[in-house]
Amino acid sequence: MIYDTLNNLPNYLGMSENLDTVIEYVMARDINTLPAGKTRIDGDKAVVTVSTVTPQVSEKAPFVRHDVHLTLETDLEGSELFEVSLGEFSPTKPDEAADITVGSAGTSIAGMLCEGRFALYLAGEPYKSGLKAQGCGKLKKAVFRIALDEDPDDENDTDE
């Protein structure tokens, strides 16, 4: 997981081609003006969904894990807490078609997401987001779903 300010987002260029596309997209516009709902940035490789959500308490929220994409989240209005699992993840509900596995984990670290900050959850990393921060109500957030880059060597691999 990476947790930083949006001003520092360009520091992460070069980590992934599809992440670069999202970083350049974010830096080129005022993301606060993005429309509600889903916007395709680069086909299925990079998509952003803007929504207004009511945060929930951590005990009611499951951990989620995505295995074939990264998730970059930022709050456009309001703030929330998030948790990232440090321990063993126990999956309870995998949905491979949607690339989401829901489950539980015993140990986690927590942080606060707010306007001007982002959290980048890596593929395979269980996390919870949209958690209630004290004194905070509904929040408007942007969630970027970023496909893992394809490995060009995969096409040329042969079993010998």
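Start with β5 and strand β10 (residues 117-121). The two run antiparallel and are joined by 4 bridges. Now pick out T71 and look across to β10: Y121 stands opposite. Keep in mind that this is a predicted model.

**The open sheet**

Which strands form it, and in what order? There are 6, in an open sheet running β1-β10-β5-β12-β3-β2, with antiparallel pairing. Go to the edges next. They are β1 (2-5) and β2, and each of them pairs on one side only. Compare the directions of neighbouring strands here: ignoring which way they run, they are turned by 20 degrees against each other on average.

**The helix on the sheet**

α1 covers residues 17-27 and has the highest mean pLDDT among the elements of the chain, 98.

**The largest pocket**

Show the pockets and pick the largest. Its volume is about 490 Å³. Which of its 26 lining residues are closest to the centre? Select H66, E73, Y127, S129 and V143. Then colour the elements that give two or more residues to the lining: β2 (37-42), β3 (46-53), β5 (69-77), β11 (127-131) and β12 (139-147). The lining divides into 10 nonpolar, 9 polar and 7 charged residues.

**The hairpin**

Move to β7 (residues 89-95) and β8. They pair in the antiparallel sense over 6 bridges. Select F89 and find its bridge partner in β8, A105. Now follow the chain around the turn. β7 and β8 form a hairpin with 4 residues between them. Stop at D99 in that turn, where phi is positive, about 50 degrees.

β8 has another partner to show. Strand β4 (residues 63-65) runs antiparallel to β8 (residues 100-105), and 3 bridges join them. For one bridge pair, select R65 together with T101 in β8.

**Confidence**

Finish by colouring the chain by pLDDT. The average is 92, and 94% of the residues score at least 70. Which element has the lowest mean pLDDT? That is β7, at 91. Last, select residues 156-160. Here the pLDDT is below 50. Beyond near neighbours in sequence, this stretch has 0 contacts in the model.

Key: Residues are numbered from 1 along each chain as its sequence is written. This is a predicted model: local features need pLDDT of at least 70, side-chain atom pairs count only at pLDDT 80 or more; totals for chains, interfaces and linings use all residues. Side-chain values use heavy atoms; hydrogens and water are left out. On a 1 Å grid over the protein atoms alone, a cavity is a set of points where a 1.4 Å probe fits but cannot get out, and a pocket is an open set with protein on both sides within 12 Å along at least five of seven lines; lining residues have an atom within 4 Å of a point. Grid points are joined across faces, edges and corners, and a volume is the space filled by probe spheres set on the points. Ala, Val, Leu, Ile, Met, Phe, Trp, Tyr, Cys and Pro count as nonpolar, Asp, Glu, Lys and Arg as charged, and the others, Gly among them, as polar. Two strands pair if DSSP finds at least two bridges between them. pLDDT is the predictor's confidence in each residue, from 0 to 100. Contact means heavy atoms within 4.5 Å. Axes are lines fitted to C-alpha atoms, for helices over the stretch in contact, and angles run from 0 to 180 degrees between N-to-C directions.
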